[in-house]
Amino acid sequence: MKEDLRNTKEKGHKVEEQSLRFFLDKLEDNEHLLFNIQREDYLLSAIVYELESKGKFPIVEFRHPSTGERTIANVFANRDTIKKCIFNIVDTEEKIEEFNQLDVEDDGPVQELIFKGEDLNILDLPIYKHFPGDAGRYITSGIVIAKDPDTGRHNFSFHRMQLKDRNKMGISLHSRGDLWRYYNRSKELNKNLEIAVVIGTHPAYYITGATKIPQNYDDYSWASTYMNQNAKVVKGKTVDIYVPAQAEYVIEGYISVDELEDEGPFAEYTGYGTDHSTRNVFYVTCITKREDAIYQDLVPGFAWEHLLLSQFTKEIILLDKLKKEIPEVMGLSMPKNGCHFHAYMAIDPKAEGQVKQAMMLLFGLDPYLKLIIAVNSDIDIYDEEEVIWSMATRMQADRDVFIVPKVICNSLDPSSINGMSAKMGIDATKALDWKATKIRLPEDLLEEARKMLDGEKNFGIH
Ligand SMILES: Cc1cc2nc3c(=O)[nH]c(=O)nc-3n(C[C@H](O)[C@H](O)[C@H](O)COP(=O)(O)O)c2cc1C
């Protein structure tokens, strides 16, 4: 596998440090699974889901046996792989001042080929249909770069994009984040909103696009901090937006402020197909790409990558905010089966009512959450069996549960009503006057047992 990646270099391309290729070059053989086959709808999804069911999360590549066309997917399904290329993830805000300059270049590999006017056809790109129920072929791994109409700051975000015509796509802004704000402001100004969609680039851009960055930062500085160097950019060919110079593809254009059109259904991370959409229309004015561009896909639906991409920083950032206010909070995890709606919080309270305070703060910080279970720090919040055991033995429903009805939520939750849901907090920590003693064996004995069993093949444990 490594050899195949090196072929790219032998063709004369230096592996630029801010590229997707730089990251691919760092992979071990078992982190990259190559299939020399042509593009086929659903098959990439089927392979990723099958691998996941076996607990395996390699990056999957389809390479066309004759044209060499390359698609990769599953890039963000494994925390350890992502960490190879991302810096300053815990102390981003402390470091960010060092990275507030853009390195503007005259040209970059992403503009080796330029398609405009009659030559422009997005239907030619290697874009996949992922599920039979999807309305069509979707770009799932495009980072939308837009500029705040008032401040000019760049914002990066993800949005599903449905191919409609050679220069037209449907796009949904349902998470009601910054791009949705810019679109509403553009409507007030009666001016279409320019965007540039980046596909295939350094993971720092992806992680930034999936993270809710505070409004006072330009997302380029955030991505630069994750890369530990200033972003190298080039000016878009038809839009007044800087784009990463070392990306694989950029699709330029604008979101119309006059038109809305049906979009979806699409397989969402909740595990359901949905046509819930803001129904926006994106007109493409230009495609730029490398000569041998790698297309990056993301298999959608209830797949690890779809969830982990934003979860990766969400847990870290939320925990940091919680700890700043309530130092007794010890940890935070968001289990995959909760699809962004559930959180497990570790806390060792020092006062009556503190657990409830921490849960209410967390609900306020993350509107997606519907359920928080709080446990003490002796419980492993990444081990669901322990969390549920803590609920079974430390929680009384009449005393330890609260429900707040009708709060803003993620509207992709199929059980939500008018964009609202009920929030439930469960305090499964020990009461402050707790008496029961948790049984445990001495650690040295357990260690001895481990050693004895390690050498023993006959129990069938190996
Ligand atoms: C893989 C992935 C796909 C997403 N798809 C959409 C989408 O189709 N529409 C949408 O409005 N938000 C979508 N989001 C959520 C936003 O991109 C995300 O909330 C982002 O952080 C926006 O933050 P911002 O408000 O700082 O721009 C997606 C996120 C991820 C990670």
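Good morning. The domain assignment of this protein chain gives domain 1, residues 2–305, and domain 2, residues 326–427; such bounds come from an automatic or database domain assignment. The model is a predicted one, in which local features need pLDDT of at least 70 and side-chain atom pairs count only at pLDDT 80 or more, while totals for chains, interfaces and linings use all residues. Residues are numbered from 1 along each chain as its sequence is written.

Let me begin with the two domains. The C-alpha centres of domain 1 and domain 2 are 32 Å apart. Ten residues of domain 1 are in contact with six residues of domain 2, where contact requires that the C-beta atoms of two residues, placed from the backbone, lie within 7 Å. On the domain 1 side, the touching residues comprise four nonpolar, five polar and one charged. In this classification, Ala, Val, Leu, Ile, Met, Phe, Trp, Tyr, Cys and Pro count as nonpolar, Asp, Glu, Lys and Arg as charged, and the others, Gly among them, as polar.

I turn to the ligand. How many residues surround the ligand? There are 20, and the closest are Ser157, Phe158, Ser175, Gly177 and Asp178. A residue is near a molecule or strand if its C-beta atom, placed from the backbone, lies within 6 Å of it. The shell around the ligand divides into seven nonpolar, ten polar and three charged residues. Strand 8 (154–158), helix 6 (178–189) and helix 9 (304–325) each supply at least two residues of that shell. Helices (H or I, at least four residues) and strands (E, at least two) are DSSP runs, numbered from the N terminus.

Asp178, Leu179, Tyr182 and Tyr183 are buried in helix 6. Seen down the helix axis, the buried residues fall within an arc of 140°, so they line one face of the helix; the arc is that of the directions from the helix axis to the C-beta atoms. As for the terms of burial, a residue is buried if 20 or more other C-beta atoms lie within 10 Å of its own, exposed if 12 or fewer, and partly exposed in between, with C-beta atoms placed from the backbone.

What do the buried residues of helix 6 pack against? They pack against strand 7 (143–147), strand 8, strand 11 (193–199), strand 14 (249–260) and strand 17 (280–289). Trp180 also lies in helix 6, and it counts as partly exposed because it has 17 C-beta neighbours inside 10 Å. Not counting residues up to four places away in sequence, Trp180 touches Leu173 and Thr278. Trp180 and Thr278 are 98 residues apart in sequence, yet 9.1 Å apart in space, C-alpha to C-alpha. Just after helix 6, Asn190 takes a positive phi of about 55°.

Next, two further buried positions. Tyr226 is found in helix 8, residues 219–227, and is counted as buried because it has 27 C-beta neighbours inside 10 Å. Leaving aside neighbours within four places in sequence, Tyr226 is in contact with Ile86, Phe87, Asn88, Ile89, Ala204, Ile207 and Thr208. Gly301 sits in the loop between strand 18 (294–296) and helix 9. With 22 C-beta neighbours inside 10 Å, Gly301 also counts as buried. With the same exclusion of sequence neighbours, the contacts of Gly301 are Phe131, Ala267, Tyr269, Gly271 and His306.

I close with some backbone details. Where is the cis peptide bond that has omega of about 5°? It joins Gly264 and Pro265, and Pro265 is in the loop between strand 14 and strand 15 (266–267). His340, although not a glycine, has a positive phi of about 75°. His340 belongs to the loop between strand 19 (329–333) and strand 20 (342–347). Is His340 buried or exposed? It is buried, because 20 other C-beta atoms lie within 10 Å. Lys406 is in strand 22, residues 401–408, and its phi is near 55°, a positive value in a residue other than glycine. Lys406 is exposed, with 11 other C-beta atoms within 10 Å. Thank you for your attention.
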